[in-house]
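Have a look at the sequence and the 3D picture before reading on.

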Amino acid sequence: MSKTTREYFLEGYNCAQSVMAAHSSQFGITEAEALKLALPMGGGVAGTRHICGALTAMMMLASLKHSDMTPSLENREKVYKLARKMAEDFALVHGSTICAQILQNAAIFAETFANPFDADKEYYKLKPCIRIIKTCEDIINNSLNNPDYYEDI
């Protein structure tokens with residue numbers, strides 16, 4: 001059985017890696033590929049606290065599932081619409097798609113640039129990242145695995 005997003009995260013992988021790796025086999029990539037591809041997305045893209053890395057990983061999974069890999073406008077529009085819907089659903093839960101704002105909403109000081117370090121359990125009690133990756137897991141399970149979610153897209 002594959003690991004959950006939470007298990008990856010508690011092992012020390014960042015939010016984006018946790019989301020990508022937990023669902024990699026569903027979308028035709030290996031765990032190693034997922035971990036490598038998603039690495040720079042953590043901390044709001046390379047620790048800059050911009051768009052949430054977990055959300056970014058979720059959008060990459062949507063593209064893996066729904067892109068026909070052509071440069072066509074139709075393909076791009078289809079994947080963009082799905083990614084926007086996922087971002088809207090995410091923002092309804094967390095109040096934003098921006099890492100710094102999500103942390104601020106959770107009353108956590110969001111440094112301009114995050115420094116990767118070995119976080120302990122106390123650190124994770126403060127940050128909303130566990131809840132965020134759970135939201136992404138729920139959206140993936142309720143959207144990418146549910147044709148009704150993206151049927152009109």
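Is Gln-17 buried or exposed? With a relative accessible area of 8%, Gln-17 counts as buried, because buried means under 20%. Keep in mind that this is a predicted model.

So where does Gln-17 sit? You'll find Gln-17 in helix H2, which covers residues 15-23. Leaving aside residues up to four places away in sequence, Gln-17 touches Leu-35, Ala-38 and Leu-39.

Ala-46 isn't a glycine, yet its phi is positive, at about 55°. Met-69 isn't a glycine either, and its phi is also positive, at about 65°. Ala-46 belongs to the loop that links helix H3 (31-38) and helix H4 (53-66), while Met-69 belongs to the loop between H4 and helix H5 (73-94). Here they are side by side:

| Residue | Phi | Relative accessible area |
|---|---|---|
| Ala-46 | about 55° | 55%, exposed |
| Met-69 | about 65° | 78%, exposed |

Both residues pass the cut-off for exposed, because exposed means over 50% relative accessible area.

How confident is the predictor? The chain has a mean pLDDT of 86, and 84% of its residues reach 70 or more. Which element of the chain has the lowest mean pLDDT, and which the highest? The lowest belongs to helix H7 (residues 121-126), with a mean of 63, and the highest to H3, with 97.

Conventions
Residues numbered from 1 in each chain as written. Predicted model: local features only at pLDDT ≥ 70, side-chain atom pairs only at ≥ 80, totals over all residues. Heavy atoms only, no water. Helix = DSSP H or I, 4+ residues; strand = E, 2+ residues; numbered from the N terminus. Buried < 20%, exposed > 50% of the residue type's maximum accessible area, 1.4 Å probe, protein only. Contact = heavy atoms within 4.5 Å. pLDDT = per-residue confidence, 0-100.
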